Amino acid sequence: MLEENKPRIWTIIWIFGVYLLLSLLFQIVSIVWDVLAGNDALDMAVTWHSELLNLTAMLLTLLIARWKKIYFFSWERINWKGFLFATIVMAAAIAISSGIDYLGQNFSSYTDTQNEVLLEEVYLHASWLLSFLSIVIIAPFIEEIIFRGFLMQQLFRSRLWLGWVVSSLLFCAAHVPTDFVSFLLYLVPGIALGGILYKTKRLELTIFAHSLNNFIAFI
């Protein structure tokens, strides 16, 4: 995370607003595309063009951010210790989440999160390759830029610990937990990813760890 020439908070906010607007416009384009193609509702949820348009919205936002001197990546070489740290932290989070899931499945009425059920239904109609790219590559990239990039790294750059807390809670909320077990299942990885950024100051490592978590879930 680069410290020089820090942008003003309002600049960060309006650039994030640009992302939301681009994402909405591209989503409308994707829906119109699917309607004209005669696809049903589930087919419209995950398609090649919807994923590529979503990624394009974020890439365009990054270009605008760079133009305004907002940098999310330092582009310096990351040594193996950084990747090892991110892997260990994420592995610990996965182990804790697995324990919570086991306890929830066996000692409460919890079965699967609503988010998991919805994703299974949506990706059932997508190809294996599209599902892999969406879940393991595109989603971690976009979500980390939003929660650990815009929110924690930029908006809370002077109080990174507070950004850690807020980003973890919003990351959890964005996955729509429906009970205490599902709340913990999404809070734990959010805390882990925030911890990686807090310790390393490298958004690249949170994207790597998030992709690792989603890859394990995917297989």
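## Briefing: aromatic pairs, helix packing and a few loop residues

Setting aside neighbours within four places in sequence, Ser134 touches Glu51, Tyr123, Ala139 and Pro140, where contact means heavy atoms within 4.5 Å. Keep in mind that this is a predicted model, in which local features need pLDDT of at least 70, side-chain atom pairs count only at pLDDT 80 or more, and totals for chains, interfaces and linings use all residues. Residues are numbered from 1 along each chain as its sequence is written, and side-chain values use heavy atoms, with hydrogens and water left out.

- Ser134 sits in helix H6; helices here are DSSP runs (H or I, at least four residues), strands are E runs of at least two, and both are numbered from the N terminus.
- With a relative accessibility of 3%, Ser134 counts as buried. The scale is this: buried is under 20% relative accessible area, exposed is over 50%, and partly exposed is in between (1.4 Å probe, protein chains only).

**The chain as a whole**

- The protein chain has nine helices and zero strands, so reading from the N terminus gives α-α-α-α-α-α-α-α-α.
- The protein chain has 219 residues, and 42% of them count as buried.
- Take the contacts between residues at least 6 apart in sequence: 76% of these join residues at least 24 apart.

**Aromatic pairs**

- Rings of Phe, Tyr and Trp (its six-membered ring) pair if their centres lie within 6.5 Å; planes under 30 degrees apart count as stacked, over 60 as edge-to-face, and the rest as tilted. By this rule there are twelve aromatic pairs.
- Take Phe16 and Tyr19: the ring centres are 6.1 Å apart and the planes stand at 35°, so this pair is tilted.
- Both Phe16 and Tyr19 belong to helix H1 (residues 9–37), and they are three residues apart, about one turn of the helix.
- Is Tyr19 buried or exposed? Tyr19 is buried, at 4% relative accessibility, while Phe16 is partly exposed at 24%.
- Phe83 and Phe208 make an edge-to-face pair, with 5.2 Å from centre to centre and 90° between the planes.
- That pair links distant parts of the chain, as Phe83 is in helix H4 (residues 80–107) and Phe208 is in helix H9 (residues 203–218), 125 residues apart.
- Phe83 is partly exposed, with a relative accessible area of 34%, and Phe208 is partly exposed too, at 31%.
- Phe16 and Tyr19 also turn up in one aromatic cluster with Phe72 and Phe150.

**Lysines over rings**

- A charge sits over a ring if NZ of Lys or CZ of Arg is within 6 Å of the ring centre and within 35 degrees of the ring normal.
- Lys68 lies over the face of Trp67, 5.0 Å from the ring centre.
- Lys201 lies over the face of Tyr198, 5.3 Å from the ring centre.

**How H6 meets H9**

- Two packed helices are described by the angle between their axes and the distance between the axes.
- The axes of helix H6 (residues 128–155) and H9 come within 9 Å and cross at roughly 145°. Axes are lines fitted to C-alpha atoms, for helices over the stretch in contact, and angles run from 0 to 180 degrees between N-to-C directions.
- Which classes of residue make up the contact of H6 with H9? There are eleven nonpolar, seven polar and three charged residues. Ala, Val, Leu, Ile, Met, Phe, Trp, Tyr, Cys and Pro count as nonpolar, Asp, Glu, Lys and Arg as charged, and the others, Gly among them, as polar.

**Loop residues to look up**

- Ser108 is in the loop between H4 and helix H5 (114–123) and is partly exposed, with a relative accessible area of 36%.
- Ser108 and Val181 are 73 residues apart in sequence, with 8.9 Å between their C-alpha atoms. Leaving aside neighbours within four places in sequence, Ser108 is in contact with Leu103 and Val181.
- Lys69 has a phi near 65°, a positive value in a residue other than glycine. Lys69 lies in the loop between helix H3 (48–67) and H4 and is partly exposed at 46%.
- Lys201 also has a positive phi, near 60°, in a residue other than glycine. Lys201 is in the loop between helix H8 (180–200) and H9 and counts as partly exposed at 32% relative accessibility.
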